[in-house]
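Keep the sequence and the structure side by side while reading.

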Amino acid sequence: MAAELRGSTVRLATEAGVFSRQRVDRGTRLLVKHLDVHAADRVLDLGCGYGVVGIVAALLAPEGRVALVDINRRAVALARQNLALNGIENAEVLHGDGFAPVHGRNFDLIALNPPMRAGLAVVHRLIEEARDHLADGGRFYLVGRTRQGVVRLSQKMSQVFGQVCEVAKGGGFRLYRARSADSESS
Ligand SMILES: C[S@@+](CC[C@H](N)C(=O)[O-])C[C@H]1O[C@@H](n2cnc3c(N)ncnc32)[C@H](O)[C@@H]1O
């Protein structure tokens, strides 16, 4: 399929067994629409699926670098294929659980459309670990369905980061952003 996102036509190969294979998820679209990417950002697309968020981030950060991580090997293979399909060279796809594949690395921007099916404990762990992988001034974005309890997740973000703001909502989804502790005043 092809999707128009942030002024680019993004080509996406998908397969059975990956999230939202027929069309780009509405929550993902909300996330991509409002993601504040700077040209030289180090970005993490956590739980990348077939890679749509990471691809758009890589296009918006031509001087930066994007890591895409997923625990599902099929998603990882598709995300790699999709980087190539879109001629993306400033990104890499890594297989593994949460932040394990990027251990010791910090990011200016982390984006998460959380795996609600994996359970609340996993999603809470990803939110907690995001705090430990944000660079000074870094931003953490999380999108989710209102019906699936994203407001509760924003409360978890608030506990972990100290503050959180609702960036956008629509179509039954809400997008939240938290900042690294040192940048609360910015
Ligand atoms: C809701 S989907 C979002 C996919 C993609 N970001 C998008 O918006 O289309 C969540 C993704 O997280 C992945 N996932 C689940 N548990 C994970 C974990 N512990 N670590 C990394 N990725 C995980 C799933 O395989 C799935 O691709």
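In this predicted model, the buried residues of helix H2 are Val52, Val53, Gly54, Ile55, Val56, Ala57, Ala58, Leu59 and Leu60. That is 9 of the 9 residues of H2, so the helix is largely enclosed by the rest of the structure. H2 spans residues 52-60, and together with strand E4 (65-70) it makes up the elements that give two or more residues to the shell around the ligand.

The ligand shell itself holds 20 residues, of which Thr28, Gly47, Gly49, Asn72 and Pro115 come nearest. Sorted by class, the shell has 10 nonpolar, 7 polar and 3 charged residues.

The protein chain has 5 helices and 9 strands, and their order along the sequence is β-β-α-β-α-β-α-β-β-α-β-α-β-β. Its radius of gyration is 15 Å, close to the 16 Å that the globule rule gives for 186 residues, so the chain is as compact as a globular protein of that length. Along the principal axes, the C-alpha atoms fill a box of roughly 40 × 35 × 30 Å. Buried residues account for 46% of the 186 in the chain. Taking contacts between residues at least 6 apart in sequence, 65% join residues at least 24 apart.

Helix H5 gives another picture of burial. Residues 150-161 form this helix of 12 residues, which reaches 16 Å from its first C-alpha to its last, close to the 16 Å expected at 1.5 Å a residue. Val150, Leu153, Ser154, Met157 and Phe161 are its buried residues. Viewed down the axis of H5, they fall within an arc of 105°, so they line one face of the helix. An α-helix has 3.6 residues a turn, so residues three or four places apart point the same way. The face of H5 turned away from the buried side carries the exposed residues Val151 and Gln159. Cover for the buried residues of H5 includes helix H4 (120-132), strand E7 (134-145) and strand E9 (173-179). Just after H5, Gly162 takes a positive phi of about 95°.

Between H4 and E7 there is a loop, and His133 lies in it. His133 has 20 C-beta neighbours inside 10 Å and therefore counts as buried. Leaving aside residues up to four places away in sequence, His133 touches Phe99, Val102, Arg105, Asn106, Phe107 and Ile110. Asn106 is 27 residues from His133 along the chain, yet their C-alpha atoms are separated by 4.6 Å.

Most residues other than glycine have a negative phi. Arg6, however, has a positive phi near 50°; Arg6 is found in the loop between E1 and strand E2 (8-11). Because Arg6 has 13 C-beta neighbours inside 10 Å, it counts as partly exposed. Ser20 likewise has a positive phi, near 50°, and lies in the loop between E2 and H1. With 15 C-beta neighbours inside 10 Å, Ser20 also counts as partly exposed.

Key
Residues are numbered from 1 along each chain as its sequence is written. This is a predicted model: local features need pLDDT of at least 70, side-chain atom pairs count only at pLDDT 80 or more; totals for chains, interfaces and linings use all residues. Helices (H or I, at least four residues) and strands (E, at least two) are DSSP runs, numbered from the N terminus. The radius of gyration is taken over C-alpha atoms; the globule rule is 2.2 Å times the number of residues to the power 0.38. A residue is buried if 20 or more other C-beta atoms lie within 10 Å of its own, exposed if 12 or fewer, and partly exposed in between; C-beta atoms are placed from the backbone. Two residues are in contact if their C-beta atoms, placed from the backbone, lie within 7 Å. A residue is near a molecule or strand if its C-beta atom, placed from the backbone, lies within 6 Å of it. Ala, Val, Leu, Ile, Met, Phe, Trp, Tyr, Cys and Pro count as nonpolar, Asp, Glu, Lys and Arg as charged, and the others, Gly among them, as polar. The expected span of a helix is 1.5 Å times one less than its number of residues. The arc is that of the directions from the helix axis to the C-beta atoms.
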